[in-house]
Amino acid sequence: MKDKDDYYFGVAEAVSKGSTCPRLAVGCVLVSGNRIKATGYNGAIAGKPHCEDVGCFIVRDHCVRAIHAERNVLDYAGWDLHTGDILYCTHEPCD
């Protein structure tokens, strides 16, 4: 296997392609003990309309219709985090 960090960043990049906000495609991977625990991308909260369908809702230069990839991955994982877990993300968190 190639360098594990490169591998997981590559997975995050692939996951980002599922983003439903056209402003920025972000992917995130939660790794626990060298296993992928969850993945996420920026998009609407489950059951809500997506930006690509109804447009972005911009507040202070941020789209608030879409939630962050990091939030999606943590929600999907049930916020079940352990010491040593690592988030690999295609972008740095915004302010």
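Buried means under 20% relative accessible area, exposed means over 50%, and partly exposed lies in between (1.4 Å probe, protein chains only). The model is predicted: local features need pLDDT of at least 70 and side-chain atom pairs count only at pLDDT 80 or more, while totals for chains, interfaces and linings use all residues. Residues are numbered from 1 along each chain as its sequence is written, and side-chain values use heavy atoms, with hydrogens and water left out.

**Exercise 1.** Classify F57 by its accessibility and identify the nonpolar surface patch to which F57 belongs.

*Solution.* Step 1: F57 has a relative accessible area of 48%, so F57 is partly exposed. Step 2: F57 lies in the loop between α2 (51–54) and β4 (58–59); helices (H or I, at least four residues) and strands (E, at least two) are DSSP runs, numbered from the N terminus. Step 3: together with V59 and V64, F57 makes a nonpolar surface patch of about 240 Å². Such patches are made of residues with over 30% relative accessible area and no salt bridge, nonpolar side chains (Val, Leu, Ile, Met, Phe, Trp, Tyr) being joined within 5 Å and like charges within 9 Å. Accessible areas come from the Shrake-Rupley method with a 1.4 Å probe, and for residues only the protein chains shown count as cover.

**Exercise 2.** Determine which residues make up the largest nonpolar core, and which elements give two or more residues to this core.

*Solution.* Step 1: a nonpolar core is a set of buried Ala, Val, Leu, Ile, Met, Phe, Trp, Tyr and Cys residues joined through side-chain atoms within 4.5 Å. Step 2: the largest such core has nine residues, namely V26, C28, L30, A38, A69, V73, L74, A77 and C89. Step 3: β1 (27–32) and α3 (69–76) are the elements that give two or more residues to this core, and α3 gives the most, with three. Step 4: a second, separate core has seven residues, including Y8, A12, V29 and Y88.

**Exercise 3.** Describe how β1 is covered and paired.

*Solution.* Step 1: five of the six residues of β1 are buried. Step 2: two strands pair if DSSP finds at least two bridges between them. Step 3: β1 runs antiparallel to β2, to which six bridges join it, and L30 has A38 in β2 as its bridge partner. Step 4: β1 is also antiparallel to β7, with four bridges, and C28 stands opposite C89 in β7. Step 5: the β1–β2 hairpin has two residues between the strands, and G33 takes a positive phi near 60 degrees in this hairpin.

**Exercise 4.** Trace the salt bridges of K37 and locate the partners in the chain.

*Solution.* Step 1: a salt bridge is a side-chain nitrogen of Lys or Arg within 4 Å of a carboxyl oxygen of Asp or Glu. Step 2: K37 meets D80 in a salt bridge (3.6 Å, N to O); K37 is in strand β2 and D80 in the loop between α3 and β7, 43 residues apart. Step 3: K37 also meets D85 in a salt bridge (3.7 Å, N to O). D85 is in the loop between α3 and β7, so this pair ties together parts that are 48 residues apart in sequence.

**Exercise 5.** State where R71 and D75 lie and how R71 and D75 interact.

*Solution.* Step 1: R71 and D75 form a salt bridge whose closest N and O atoms are 3.0 Å apart. Step 2: because R71 and D75 are four residues apart in helix α3, about one helical turn separates them. Step 3: R71, at 44% relative accessibility, counts as partly exposed, and D75 counts as partly exposed at 34%.
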